[in-house]
Amino acid sequence: MNNTILEVYNLQFKRGNREILNIDHFALHERETIALIGPNGAGKSTLLQVMALLLKPTRGTVEFRGVPATPRNALAIRRRMAVVFQEPLLLNTTVYENVATGLKLRGVPRQEIKKRVGRWLELLGIAHLAGRRSHQLSGGEAQRVSLARAFALEPDVLFLDEPFSALDFPTRLSLLNELDRLLKDTGIAAIFVTHDFSEVPYLTDRVAVLKNGRLVKTGTFEEIFKVKPRRENYITSLYRVFESDAAG
Ligand SMILES: Nc1ncnc2c1ncn2[C@@H]1O[C@H](COP(=O)(O)OP(=O)(O)OP(=O)(O)O)[C@@H](O)[C@H]1O
Ligand SMILES: [Mg+2]
């Protein structure tokens with residue numbers, strides 16, 4: 001098995017008296033993509049935020065490359081991670097500045113910032129929007145900015161919380177394909193929350209199932225779903241029909 005990049009042990013997260021998470025052990029390996037699935041309220045977003053060191057667990061350890069997170073090293077570890085939330089949460093400035101700001105905060109030199117922002121805007125097909133202010137973007141465009149911002153940080157770990165749920169199907173399909181390629185090319189490890197099982201075959205080496213704050217299953221797609229992962233599904237076929245209709 002690959003080396004572990006992120007690992008949690010004996011993890012508990014409580015809000016007031018309510019236990020939201022209780023996870024004995026969970027590990028993400030180098031270059032791996034895990035799909036995190038489970039019903040509403042299962043604790044998926046909370047787990048992502050605990051692992052991204054945005055929420056402090058009530059008990060237990062989050063380890064990054066074998067080093068337990070502490071208040072002293074948390075910022076340094078957080079800088080190796082990027083999070084894409086369901087809602088893009090853009091700053092009220094231009095697309096360019098939205099992607100550049102995190103790099104500025106990390107002290108990346110100006111020329112390098114220019115290069116990286118340009119590259120990721122290009123890769124996500126939004127270079128023409130660089131000067132556009134964030135409130136003048138469509139939902140899909142804003143989501144692309146949010147993804148460009150995360151990738152430009154060149155993180156070691158990427159957390160994606162239902163990043164496509166508000167997008168139309170063609171946009172979602174093209175972003176899934178792009179993201180799949182980007183993750184493979186960059187070797188970034190990722191955890192991807194989704195409710196749409198048709199997305200799972202795209203971005204998944206393993207699937208983790210969370211219920212009531214507990215990991216009830218982890219395994220390969222086939223082990224969890226008892227079928228072979230196939231990207232071709234009826235929705236994709238429908239899209240093909242739609243595409244050929246549009247073309248004809
Ligand atoms: N800020 C908060 N204050 C109090 N309770 C919260 C808060 N955020 C989440 N919770 C509760 O914690 C539990 C887990 O929430 P979480 O958002 O992690 O679930 P989820 O699996 O991401 O659900 P969904 O699929 O709906 O996004 C839920 O019962 C939720 O009501
Ligand atoms: Mg959630």
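## Basis

In this predicted model, local features need pLDDT of at least 70, side-chain atom pairs count only at pLDDT 80 or more, and totals for chains, interfaces and linings use all residues. Residues are numbered from 1 along each chain as its sequence is written, chains are lettered from A and ligands numbered from 1 in the order in which they are written, and side-chain values use heavy atoms, with hydrogens and water left out.

## The shell around ligand 1

Ligand 1 has 13 residues around it. Arg-18, Gly-41, Lys-44, Thr-46 and His-195 come nearest. A residue is near a molecule if one of its heavy atoms lies within 4 Å of it. By class, the shell holds three nonpolar, six polar and four charged residues. Here Ala, Val, Leu, Ile, Met, Phe, Trp, Tyr, Cys and Pro count as nonpolar; Asp, Glu, Lys and Arg count as charged; the others, Gly among them, count as polar.

Two elements, β2 (18-29) and α1 (44-51), each supply at least two shell residues. The largest share comes from α1, with three residues. Helices (H or I, at least four residues) and strands (E, at least two) are DSSP runs, numbered from the N terminus.

## Backbone contacts to the ligand

For Gly-41, a backbone N or O atom lies 2.8 Å from an oxygen atom of ligand 1. For Ala-42, the distance from a backbone N or O atom to a ligand oxygen is 3.2 Å. A polar backbone atom of Gly-43 is 2.9 Å from an oxygen atom of ligand 1. The protein covers 61% of the 630 Å² of accessible area that ligand 1 has on its own. Accessible areas come from the Shrake-Rupley method with a 1.4 Å probe; for residues, only the protein chains shown count as cover.

## Helix α1

Six of the eight residues of α1 are buried, so the helix is largely enclosed by the rest of the structure. They are Lys-44, Thr-46, Leu-47, Leu-48, Val-50 and Met-51. Buried means under 20% relative accessible area, exposed over 50%, and partly exposed in between (1.4 Å probe, protein chains only). After α1 comes Leu-53, with a positive phi near 60°.

## Aromatic pairs

The whole structure has three aromatic pairs. One of them, Trp-120 with Phe-151, is stacked, at 5.1 Å centre to centre and 20° between the planes. Trp-120 lies in α4 (residues 110-123) and Phe-151 in α5 (residues 139-152), so this pair ties together parts 31 residues apart in sequence. Trp-120 is buried, at 1% relative accessible area. Phe-151 is also buried, at 1%. Phe-221 and Phe-225 form a tilted pair: 4.6 Å centre to centre, 35° between the planes. Rings of Phe, Tyr and Trp (its six-membered ring) pair if their centres lie within 6.5 Å; planes under 30 degrees apart count as stacked, over 60 as edge-to-face and the rest as tilted.

Phe-221 and Phe-225 sit four residues apart in α7 (residues 221-225), about one helical turn. Phe-221 is buried at 11%, whereas Phe-225 is partly exposed at 22%. Back at Trp-120, the charged end of Arg-119 sits over the ring, 4.7 Å from its centre. That label requires CZ of Arg, or NZ of Lys, within 6 Å of the ring centre and within 35 degrees of the ring normal.

## Thr-194

Thr-194 lies in the loop between β8 (189-193) and β9 (206-211). Thr-194 is buried, with a relative accessible area of 3%. Its side chain makes a 2.8 Å polar contact with the side chain of Glu-199. A polar contact is a pair of N or O atoms within 3.5 Å; within protein, one must be able to donate a hydrogen and the other to accept it, and residues adjacent in sequence count only if both atoms are side-chain atoms.
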